[in-house]
Amino acid sequence: MRWAKDLYLSEKTAKKKDKIIRKANRGVGMVSIYFISLASNKQNLFDIFHAAHLKQPAFYGQNPFVVGIASGYEEALELTQQMVEDIYRETGGFRVREYFQAEE
C-alpha cells in the first residue's frame, strides 16, 4: 500500500495514525478502521474498504494509494464528502487523481 503524505483523518483516527499505518503495513486487521483510496476504476473517485481486506493476499496486488483513514463506515462517508468538497473548492472540479498526483 502507498500512503498520501497528507492523509485525511477522522477525529478518532488522528491520534492513532502511526499505529494504524504500522498495523496496516503488516496486514493486521482492525475492527472499526476503514481506508479511503483512489478508486481502482478510473471512472470513480474513491474506494472505501474495511481493514479486514488487509488479510487477503490478493488485495496487495492492487497496491492502493490510501488518502484517508476513518473509524467506522459512517465516518468514512463523511470524510469522503469532506475530501470531495475540498477538491472541488481548490480545483473547480472533481479531478481527484490530479489533486493527489503530487503525492503519488
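Helices in this talk are DSSP runs of H or I with at least four residues, numbered from the N terminus. With that in place, one glycine can be located: helix 2 is followed by glycine 27, whose phi is positive, near 85 degrees. Please keep in mind that this is a predicted model.

Four strands make up an open sheet, and their order is 1-4-2-3, with mixed pairing. Strand 1, residues 2-9, and strand 3, residues 46-50, are at the edges with a single partner strand each, so one side of each has no neighbour in the sheet. On average, neighbouring strands here are turned by 30 degrees against each other, direction ignored.

Take one pairing in detail. Strand 1 and strand 4, which covers residues 65-71, run in the parallel sense and share four bridges.

Which of its residues are buried? They are Ile20, Ile21 and Ala24. These residues cover an arc of only 95 degrees around the axis, which puts them on the same side of helix 2. Asp18, Arg22 and Arg26, on the other side of helix 2, are exposed. What do the buried residues of helix 2 pack against? The answer is strand 1, helix 1 (11-14), strand 2 and strand 4.

In soluble globular proteins, nonpolar side chains tend to be buried together. In this model the largest nonpolar core has 29 residues, and Phe35, Phe46, Val67 and Phe100 touch the most other members. Two or more residues come from each of these elements: strand 1, helix 2, strand 2, strand 3, strand 4, helix 3 and helix 4 (96-101).

Phenylalanine 35 deserves a slide to itself. Leaving out residues up to four places away in sequence, phenylalanine 35 touches a list of residues including Trp3, Ile20, Ala24, Ile48, Leu54, Val66 and Ile69. Phe35 also forms one aromatic cluster with Trp3 and Phe49.

That brings me to aromatic pairs, of which the structure holds six. In one of them, the ring centres of tyrosine 34 and tyrosine 73 are 5.6 Å apart and the planes stand at 65 degrees, so the pair is edge-to-face. Tyrosine 34 lies in strand 2 and tyrosine 73 in helix 3, 39 residues apart, and the pair thus links distant parts of the chain. Are the two tyrosines buried or exposed? Tyrosine 34 has a relative accessible area of 18% and is buried, whereas tyrosine 73, at 41%, counts as partly exposed.

Asparagine 63 is not a glycine, although its phi is positive, about 45 degrees. Its relative accessibility is 33%, and asparagine 63 therefore counts as partly exposed.

Note on methods: Residues are numbered from 1 along each chain as its sequence is written. This is a predicted model: local features need pLDDT of at least 70, side-chain atom pairs count only at pLDDT 80 or more; totals for chains, interfaces and linings use all residues. Side-chain values use heavy atoms; hydrogens and water are left out. Two strands pair if DSSP finds at least two bridges between them. Axes are lines fitted to C-alpha atoms, for helices over the stretch in contact, and angles run from 0 to 180 degrees between N-to-C directions. A nonpolar core is a set of buried Ala, Val, Leu, Ile, Met, Phe, Trp, Tyr and Cys residues joined through side-chain atoms within 4.5 Å. Buried means under 20% relative accessible area, exposed over 50%, partly exposed in between (1.4 Å probe, protein chains only). Contact means heavy atoms within 4.5 Å. Rings of Phe, Tyr and Trp (its six-membered ring) pair if their centres lie within 6.5 Å; planes under 30 degrees apart count as stacked, over 60 as edge-to-face and the rest as tilted. The arc is that of the directions from the helix axis to the C-beta atoms.
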